[in-house]
Structure formats: structure tokens, C-alpha cells
Amino acid sequence: MTDTAIDGDIKPATVASYLRRHPDFLVGYPELANELVLPSANGPAASLAVHQLRGLREKNGELETRLKELTAVAADNEKLMRRVHSLMLALLGASDVEDTVRHVVRRLTEDFQSERVRLVFFGDLAGLPDEPWLLREPHGASGLPEFASFLEHGDPVAGRLAPDKLHRLFGDTAPDVRSAALMRIGKDALLAIGSADPDRFHPGMGTLFLDMISTTVGSAIERARKAA
């Protein structure tokens, strides 16, 4: 495009189309960056250079916010990892099955600030304590039809549970449980954590730590039973 052509009768759409196809146009004409004027909805018109600087500042602000969010997530993950490690150490020191399950509930309640913990056993029921947080199902997994799908795939689940599941786990306090996490423990138990906070457990959260807890508890119970 020559200077003569530019001085001719060119439609704005033609200029816009050309600039879209040549985004590096101002590299050859840097002085135009300070002469072009852009409208602003929040104040007086600004040059292209000022407009670009403003855009860069906004992007930097967004990146700083994102960095802070990632830093906070990393700090939370480090805390969770330390708590899982403490749980592992506590279970290594357990002497039998009863001692093991008591350590599990105590650590989840105190270290993880879990409001309601339930261990449901549907396999070997020997050596288990009589506690409100421990539920027995003598008929095995078939006696828990509400959890058939969960027990089949075995992956941790987080979110809001159906009323029948909540009632089976938490009884009369079920209406107070707004979100929960489920973990299968080996072949003969499941672990449930309930919270009054609807956002404590949700489907979008990662389940890595839930999986680590379920694996740790399952291994500890199996080891305690073999040592009995």
C-alpha cells in the first residue's frame, strides 16, 4: 500500500482489515503508536502506547492474583501432606485393630478438623470397638445397597450425598451434614467424613489426599489383622 493510495478514498473497514492481516504494521512506523488515539469509556482518550501500557498493567495484576492463589493452594497442600504423614506415623505405632481405628478417628477429628467421622465395616468384624463412630454391617457389602455403585468402582467421592446415604452414615444428625467425602478402605470397610459446610467437600476438588488417606488406613488395618 503506497502513500498515494492511503490519501485516496479508503473505507475504514479496509484499513481495519489490513491491520488485522498485518499486526506488526507499527513496527515499521513506531511514531504512529504515540499519535493514534483510542477512545476510553472510563476517561479521556488515550494514545495507543498508553492503552497498551494500561493493558499490560491489568495483565500483570491478573498474574499476581493468580500467583497468590497458587501460592495459597501450595501452602494448603503442604499442610495436608504433613497431616497425612502424621496419620501414617500414628498408625505405624498402633498395636491392634482397635488401636488402629481409634487412631484414625482421632487424627481425622483433631488434625484434619473433621466434624463427623464414620467407619463402616462390612467384612471381618473381629476386634472392633463399640463406638458411635463405628458402624457394623454383618451382611457384608450386600447389606449396603445405597453404596453399591461407590463400592464397585472404589474411587474416593466428594460432594453432597443423597438423603438415604446420609441417614445410613450419620443417623439423626444427617440433616446437619451439608457435604461429605467417601473413601473405600480395603475390601471390608468404608470411611466417611461429614461437614456442615456445603463447600468443604465438592465434586470439583482433587481427591489425591482422600486416596492417600484411604490407602494408608486400609494398609494399617490389614497389617494389624495379620499381626493379631
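Is Arg107 buried, partly exposed or exposed, and at what relative accessibility? Arg107 counts as partly exposed, at 29% relative accessibility, where buried means under 20% relative accessible area, exposed over 50% and partly exposed in between (1.4 Å probe, protein chains only). The model is predicted, with local features needing pLDDT of at least 70 and side-chain atom pairs counting only at pLDDT 80 or more, while totals for chains, interfaces and linings use all residues. Residues are numbered from 1 along each chain as its sequence is written, and side-chain values use heavy atoms, with hydrogens and water left out.

**View 1. A salt-bridge network around Arg102.** Glu98, Arg102 and Glu131 are linked in a network of salt bridges. Within it, the side chains of Arg102 and Glu131 meet at 2.8 Å, N to O. Because Arg102 lies in helix H6 (residues 97–110) and Glu131 in the loop between E3 and E4, the pair ties together parts that are 29 residues apart in sequence; helices (H or I, at least four residues) and strands (E, at least two) are DSSP runs, numbered from the N terminus. Arg102 is partly exposed, with a relative accessible area of 26%, and Glu131 is also partly exposed, with 25%.

**View 2. The buried face of helix H8.** Helix H8 (residues 163–170) has Leu166, Leu169 and Phe170 as its buried residues. Seen down the helix axis, these residues fall within an arc of 75 degrees and so line one face of H8, the arc being that of the directions from the axis to the C-beta atoms. Their cover includes strands E3 (116–121), E4 (134–136), E6 (179–185) and E7 (189–195), with contact meaning heavy atoms within 4.5 Å. Just after H8, Gly171 takes a positive phi of about 60 degrees.

**View 3. The aromatic pair.** A search of the whole structure finds 1 aromatic pair. It is formed by Tyr18 and Phe25, edge-to-face, with 6.0 Å centre to centre and 85 degrees between the planes. Rings of Phe, Tyr and Trp (its six-membered ring) pair if their centres lie within 6.5 Å, and planes under 30 degrees apart count as stacked, over 60 as edge-to-face and the rest as tilted. Phe25 is partly exposed, with a relative accessible area of 25%.

How values were computed:
Salt bridge = Lys/Arg side-chain N within 4 Å of Asp/Glu carboxyl O.
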